[in-house]
Amino acid sequence: PERMACLMRAATIAEQHSLLDLAFDCCCEAFEAHTESIRHTDGHKLLEQMQRLARSPSQKARATTQAAWHAMVHGHLETAINRGEQSLALAESVGTEELLAPARLQLGTALGVAGQLQRALPLLHQAMPWAKAQLPADEQASFLGNLAAVLDNLGKPDEARQHHLSALALT
């Protein structure tokens, strides 16, 4: 919470001084700190600020991906899917894997939670190389567990098992 408060203050100060890229980056870091610690109290406020500060297509894609995640963890699956589709479209317009993979991962996860398994699976498979290379072990385990659950629910237990075992090895 202290880190988040500091980053929120830094974002506000940077915004007041028209350092909008810095303000956006601070806001993104504050949101990530928020999601790791309390997962709810200041999320909407941070998302509003992040979306207000997002000017470039890259920033808009990042902000929309965060908004999709926030909607999903609060049980607003339709909103999460809509925002996930928006973030993927924005990421595709930029074309960098650092934006595409998180957007695919987020949308694929939301679709999986919503039971739209056939739509979720290709997105999760596309995100896998990035997730394995970029995510910390606990987030990789969560990703692999989500992928395994989609595969289980699609009747692919053998493929799911390998991902379940990989997730367990990371924990």
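His-70 is buried, at a relative accessible area of 2% (buried is under 20%, exposed is over 50%, and partly exposed is in between, using a 1.4 Å probe and protein chains only). Keep in mind that this is a predicted model, where local features need pLDDT of at least 70, side-chain atom pairs count only at pLDDT 80 or more, and totals for chains, interfaces and linings use all residues. Residues are numbered from 1 along each chain as its sequence is written, and side-chain values use heavy atoms, with hydrogens and water left out.

So where does His-70 sit? You'll find His-70 in helix 4, residues 57-73 (helices are DSSP runs of H or I with at least four residues, strands are E runs of at least two, and both are numbered from the N terminus). Once neighbours within four places in sequence are set aside, the contacts of His-70 are Phe-31, His-34, Gly-43, His-44 and Leu-47 (contact means heavy atoms within 4.5 Å).

His-163 belongs to helix 9, residues 157-170, and is buried with a relative accessible area of 4%. Again leaving out neighbours within four places in sequence, His-163 touches Met-128, Leu-144, Leu-147, Ala-148 and Leu-151.

Now for the loops. Ser-18 is in the one between helix 1 (2-16) and helix 2. Ser-18 has a positive phi of about 60° despite not being a glycine, and at a relative accessible area of 58% Ser-18 is exposed. Ala-114 sits in the loop joining helix 6 (97-113) and helix 7 (117-134), and counts as partly exposed because its relative accessibility is 33%. Beyond its neighbours within four places in sequence, Ala-114 is in contact with Leu-77 and Ile-81. Ala-5 is 109 residues away from Ala-114 along the chain, and their C-alpha atoms are 33 Å apart.

Last stop: the surface charge. Glu-32, Glu-36, Asp-138 and Glu-139 gather there in a negative patch (patch residues have over 30% relative accessible area and no salt bridge, with like charges joined within 9 Å and nonpolar side chains, namely Val, Leu, Ile, Met, Phe, Trp and Tyr, within 5 Å). A salt bridge here would be a side-chain nitrogen of Lys or Arg within 4 Å of a carboxyl oxygen of Asp or Glu. Helix 2 (20-37) and helix 8 (137-153) each supply at least two residues of the patch. Glu-139 is located in helix 8 and is partly exposed, with a relative accessible area of 35%.

Key: Accessible areas come from the Shrake-Rupley method with a 1.4 Å probe; for residues, only the protein chains shown count as cover. Lys and Arg count as positive and Asp and Glu as negative; His and the chain ends are not counted. The place of a charge is taken as NZ of Lys, CZ of Arg, CG of Asp or CD of Glu.
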